[in-house]
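Dear colleague,

Please find below the structure that I am handing over to you.

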Amino acid sequence: MTKRERKPQQQNAALAVGEKTTTADAAREVERLREELAELERVNRLKDQYLSVAAHELSTPLTAIKAYVEALSENWADPSFTQGPEFLGVLQRESTRLIRIVDRTLQISRLTSRSQMVRRSSVDLKRLVHEVSVSLRPVLQERDVDLNVQVAADLPSIDADRDLLEQVLINLLDNAVKFSPAGRTVHLQARVRPNCVEVEVRDHGYGIAPEELKRVFDPYFRSGDERIGCERGTGLGLAIVKTIVEQHGGRVWVVSEIDRGTTFRFSLPQA
Ligand code: ADP
């Protein structure tokens, strides 16, 4: 029933209650608005930070693309110029990197502004793990890295967004493979814990220095280690992982030792 449809006695009763509680209600309303304003200011500051870091990240490949296009347009007619294929290769790599940065920036922006809804359903984690490991086979073969999967037989289904969860597994496994030397093994384990399910991705790769460990989930963070810097990447994969896991009511953490390897774990509440 709308306000207009209310019977006169109901309206009077509401007014009487309203009059009695006016001051307390107003104070509560002011407090609510204050909290809302603080939250909006926080989100706004975050957006500004993203924007300035994103602009900086985009300028690196754009500057390279501009320089190589200029070099090509100055030299393409010169018969002694033989670096055309090499320059085109750089252009292809840098533009692919640009697209990856833009895609991931858009994804994290959609996730944090909640315009991408979390669509929950009952997810069979065992099946999802199997599908992800099959889809990663070409990357594993290319990098000569083995994947060892151990999933608890009693793993329950969880209430989650399947596509987002797949993204979490792919980002963590992709890093584990990317930052491991050839010939190593990456381990993926899923186990049942009290009230939650815990997934672990462990590698025996380059590891993360202690001073960098607390920054790995920051957007656009990439290690100063040159073995890692030369791999493709945007520094957004783990920020996406953290956002998705937290949106599911879970948490993610990391332990690592330089040259010994890294273990990422995340937990998700049981359905
Ligand atoms: P990207 O992989 O695109 O660079 P991420 O956000 O996924 O971005 O990771 C951020 C950084 O954290 C990486 O660049 C790397 O320095 C570090 N990192 C992440 N996973 C690992 C890992 N398994 N081993 C070593 N370093 C890692």
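**Aromatic rings**

Tyr68, Phe81 and Phe87 are linked into a cluster by ring pairs. Rings of Phe, Tyr and Trp (its six-membered ring) count as a pair if their centres lie within 6.5 Å; planes under 30 degrees apart are called stacked, those over 60 edge-to-face, and the rest tilted. Please note that this is a predicted model, in which local features need pLDDT of at least 70 and side-chain atom pairs count only at pLDDT 80 or more, while totals for chains, interfaces and linings use all residues. Residues are numbered from 1 along each chain as its sequence is written, and side-chain values use heavy atoms, with hydrogens and water left out.

A search of the whole structure gives three aromatic pairs. One of them joins Tyr68 and Phe87 edge-to-face, with 4.9 Å from centre to centre and 85° between the planes. This pair links distant parts of the chain, since Tyr68 belongs to helix H2 (residues 22-75) and Phe87 to helix H3 (residues 84-112), 19 residues apart. Helices (H or I, at least four residues) and strands (E, at least two) are DSSP runs, numbered from the N terminus. Phe81 and Phe87 also form an edge-to-face pair, at 5.6 Å centre to centre and with 70° between the planes.

Both Phe81 and Phe87 are buried. Buried means under 20% relative accessible area, exposed means over 50%, and partly exposed lies in between (1.4 Å probe, protein chains only). Phe87 counts as buried because its relative accessibility is 10%, whereas Tyr68, at 27%, is partly exposed.

**Salt bridges**

The structure holds 18 salt bridges. A salt bridge is a side-chain nitrogen of Lys or Arg within 4 Å of a carboxyl oxygen of Asp or Glu. Glu198 forms one with Arg191, where the closest N and O atoms are 2.8 Å apart, and another with Arg193 (3.5 Å, N to O). Glu198 is buried, at 8% relative accessibility, while Arg193 is partly exposed, at 36%.

Lys242 and Glu246 meet in a salt bridge as well (3.0 Å, N to O). These two residues are separated by about one helical turn, because they lie four residues apart in helix H9 (residues 237-247). Lys242 is partly exposed at 30% relative accessibility, and Glu246 is partly exposed at 43%. Elsewhere, salt bridges that share partners join Arg191, Arg193, Glu198, Glu200, Arg202 and Arg265 into one network.

**A buried aspartate**

Asp161 lies in the loop between strand S3 (158-160) and helix H6 (162-178). Not counting residues up to four places away in sequence, Asp161 touches Met117, Val118, Arg119, Arg120 and His248, where contact means heavy atoms within 4.5 Å.
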